[in-house]
Amino acid sequence: MTSISKELERILEDYAPIVKEGHQVLIGLLDGTIHLEKGQEGEAPVQIRVSPLDERLEMTIDALFHGI
């Protein structure tokens, strides 16, 4: 059996109910993203996909949308 980190366990506890309702969840991290989606029949209830970022952007939402 593979163990998971406390951080991943917390993410799954917090977001699994949303994913089970059929909503996808995308979480941005400093060096990548975690995408949670509902598993198909015969799969785990929540599928986890991790995408590392090739380049880190130092930007805020305010700067991106010019204060809109």
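A residue here is called buried under 20% relative accessible area, exposed over 50%, and partly exposed in between (1.4 Å probe, protein chains only). This is a predicted model, where local features need pLDDT of at least 70, side-chain atom pairs count only at pLDDT 80 or more, and totals for chains, interfaces and linings use all residues. Residues are numbered from 1 along each chain as its sequence is written, and side-chain values use heavy atoms, with hydrogens and water left out.

Start by selecting residues 6-20, which make up helix H1. Helices (H or I, at least four residues) and strands (E, at least two) are DSSP runs, numbered from the N terminus. Now color Ile 11, Ala 16 and Val 19: these residues of H1 are buried. Just past the helix, click Gly 22, which has a positive phi of about 100 degrees.

Next, how many salt bridges does a search of the whole structure find? It turns up two, counting a side-chain nitrogen of Lys or Arg within 4 Å of a carboxyl oxygen of Asp or Glu.

For one of them, show the side chains of Arg 10 and Asp 14, with N to O at 3.5 Å. They sit about one helical turn apart, because four residues separate them in H1. Arg 10 is exposed at 58%, while Asp 14 is partly exposed at 42%.

Then jump to Arg 49 and Glu 37, whose closest N and O atoms are 3.8 Å apart in a salt bridge. This pair links distant parts of the chain, with Arg 49 in strand E3 and Glu 37 in strand E2, twelve residues apart. Both count as partly exposed: Arg 49 at 44% and Glu 37 at 25%.

Terms used. Expected span 1.5 Å × (residues − 1).
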